[in-house]
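Thanks for making the time. I have one structure to go through, and I will start with a term that comes up again later.

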Amino acid sequence: MGYGEAWKVLADLVTELRRRGETIPPHVMNDLRSAKTMIQILKADPTRLEHLPRVETYLESVESSLVSMMQEKFGSDYIEQWMKKLEKARRA
(Lines give C-alpha, C1' and ligand atoms only; values in the text may rest on other atoms or scores of the structure.)
Protein backbone atom coordinates (compact mmCIF):
# COMPACT_ATOMS: atom_id res chain seq x y z
CA MET A 1 0.00 0.00 0.00
CA GLY A 2 1.25 3.47 -0.88
CA TYR A 3 0.98 5.06 2.55
CA GLY A 4 3.07 8.08 1.59
CA GLU A 5 1.06 8.63 -1.56
CA ALA A 6 -2.25 8.25 0.30
CA TRP A 7 -1.03 10.71 2.93
CA LYS A 8 -0.18 13.20 0.18
CA VAL A 9 -3.67 12.96 -1.35
CA LEU A 10 -5.27 13.51 2.06
CA ALA A 11 -2.96 16.45 2.75
CA ASP A 12 -3.88 17.92 -0.65
CA LEU A 13 -7.55 17.47 0.20
CA VAL A 14 -7.08 19.34 3.47
CA THR A 15 -5.42 22.16 1.53
CA GLU A 16 -8.28 22.23 -0.98
CA LEU A 17 -10.93 22.28 1.73
CA ARG A 18 -9.15 25.12 3.50
CA ARG A 19 -8.95 26.99 0.21
CA ARG A 20 -12.74 26.64 -0.03
CA GLY A 21 -13.14 28.16 3.42
CA GLU A 22 -13.61 25.00 5.47
CA THR A 23 -12.17 24.64 8.96
CA ILE A 24 -10.38 21.37 9.56
CA PRO A 25 -10.93 19.96 13.08
CA PRO A 26 -7.80 19.68 15.24
CA HIS A 27 -8.18 15.91 15.68
CA VAL A 28 -8.00 15.46 11.90
CA MET A 29 -4.80 17.49 11.69
CA ASN A 30 -3.31 15.58 14.62
CA ASP A 31 -4.10 12.24 12.94
CA LEU A 32 -2.63 13.47 9.65
CA ARG A 33 0.60 14.52 11.42
CA SER A 34 0.75 11.24 13.33
CA ALA A 35 0.32 9.26 10.12
CA LYS A 36 3.19 11.20 8.54
CA THR A 37 5.41 10.48 11.54
CA MET A 38 4.65 6.76 11.42
CA ILE A 39 5.28 6.69 7.65
CA GLN A 40 8.67 8.36 8.21
CA ILE A 41 9.52 5.77 10.87
CA LEU A 42 8.64 2.98 8.44
CA LYS A 43 10.78 4.56 5.73
CA ALA A 44 13.72 4.79 8.11
CA ASP A 45 13.26 1.23 9.39
CA PRO A 46 11.01 -0.96 7.20
CA THR A 47 11.31 -3.83 9.68
CA ARG A 48 9.12 -1.94 12.20
CA LEU A 49 5.94 -3.57 10.92
CA GLU A 50 4.16 -3.02 14.23
CA HIS A 51 3.57 0.56 13.05
CA LEU A 52 1.51 -0.48 10.00
CA PRO A 53 -1.82 -0.81 11.84
CA ARG A 54 -1.32 2.62 13.42
CA VAL A 55 -0.62 4.22 10.02
CA GLU A 56 -3.74 2.63 8.57
CA THR A 57 -5.83 3.71 11.55
CA TYR A 58 -4.66 7.33 11.30
CA LEU A 59 -5.20 7.48 7.53
CA GLU A 60 -8.65 5.90 7.77
CA SER A 61 -9.64 8.34 10.51
CA VAL A 62 -8.56 11.33 8.43
CA GLU A 63 -10.29 9.97 5.34
CA SER A 64 -13.51 9.30 7.22
CA SER A 65 -13.58 12.77 8.76
CA LEU A 66 -12.82 14.54 5.48
CA VAL A 67 -15.38 12.54 3.52
CA SER A 68 -17.97 13.36 6.16
CA MET A 69 -17.13 17.06 5.81
CA MET A 70 -17.35 16.86 2.02
CA GLN A 71 -20.73 15.12 2.12
CA GLU A 72 -22.15 18.00 4.11
CA LYS A 73 -20.78 20.75 1.87
CA PHE A 74 -20.08 19.41 -1.62
CA GLY A 75 -21.67 17.11 -4.17
CA SER A 76 -21.04 13.44 -4.76
CA ASP A 77 -19.00 14.20 -7.90
CA TYR A 78 -16.50 16.11 -5.78
CA ILE A 79 -16.24 13.25 -3.31
CA GLU A 80 -15.86 10.67 -6.05
CA GLN A 81 -13.07 12.66 -7.69
CA TRP A 82 -11.04 12.65 -4.47
CA MET A 83 -11.82 9.03 -3.69
CA LYS A 84 -10.45 7.99 -7.09
CA LYS A 85 -7.24 9.91 -6.38
CA LEU A 86 -6.97 8.24 -2.99
CA GLU A 87 -7.60 4.77 -4.39
CA LYS A 88 -4.95 5.31 -7.06
CA ALA A 89 -2.47 6.47 -4.42
CA ARG A 90 -3.14 3.43 -2.26
CA ARG A 91 -2.32 1.13 -5.15
CA ALA A 92 1.04 2.85 -5.71
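When I say contact, I mean heavy atoms within 4.5 Å. This is a predicted model, where local features need pLDDT of at least 70, side-chain atom pairs count only at pLDDT 80 or more, and totals for chains, interfaces and linings use all residues. Residues are numbered from 1 along each chain as its sequence is written, and side-chain values use heavy atoms, with hydrogens and water left out.

Now the fold. The chain has 4 helices and 0 strands; these are DSSP runs, H or I of at least four residues for helices and E of at least two for strands, numbered from the N terminus. In sequence order the pattern is α-α-α-α. The radius of gyration is 13 Å, close to the 12 Å from the globule rule for 92 residues, so the chain is as compact as a globular protein of that length. That radius is taken over C-alpha atoms, and the rule is 2.2 Å times the number of residues to the power 0.38. The C-alpha trace spans about 40 × 25 × 20 Å along its principal axes.

Of the contacts with a separation of 6 or more, 71% are between residues 24 or more positions apart.

Next, the inside. Of the 92 residues, 41% are buried, meaning under 20% relative accessible area, with exposed being over 50% and partly exposed in between, using a 1.4 Å probe and protein chains only. The largest nonpolar core has 30 residues, and those with the most contacts inside it are Leu17, Ile24, Leu32, Leu59, Leu66 and Met70. A nonpolar core here is a set of buried Ala, Val, Leu, Ile, Met, Phe, Trp, Tyr and Cys residues joined through side-chain atoms within 4.5 Å. Two or more core residues come from each of α1 (3-19), α2 (26-44), α3 (52-73) and α4 (76-91). Helix α1 gives the largest share, 9 residues.

What does leucine 17 touch, leaving aside its neighbours within four places in sequence? The contacts of leucine 17 are Glu22, Ile24, Leu66, Met69, Met70, Phe74 and Tyr78.

Two more residues. Glutamate 63 sits in helix α3 and counts as buried because its relative accessibility is 15%. Beyond four places in sequence, glutamate 63 contacts Leu10, Met83, Leu86 and Arg90. Proline 26, in helix α2, counts as exposed because its relative accessibility is 61%. From proline 26 to aspartate 45 is 19 residues in sequence and 29 Å in space, C-alpha to C-alpha.
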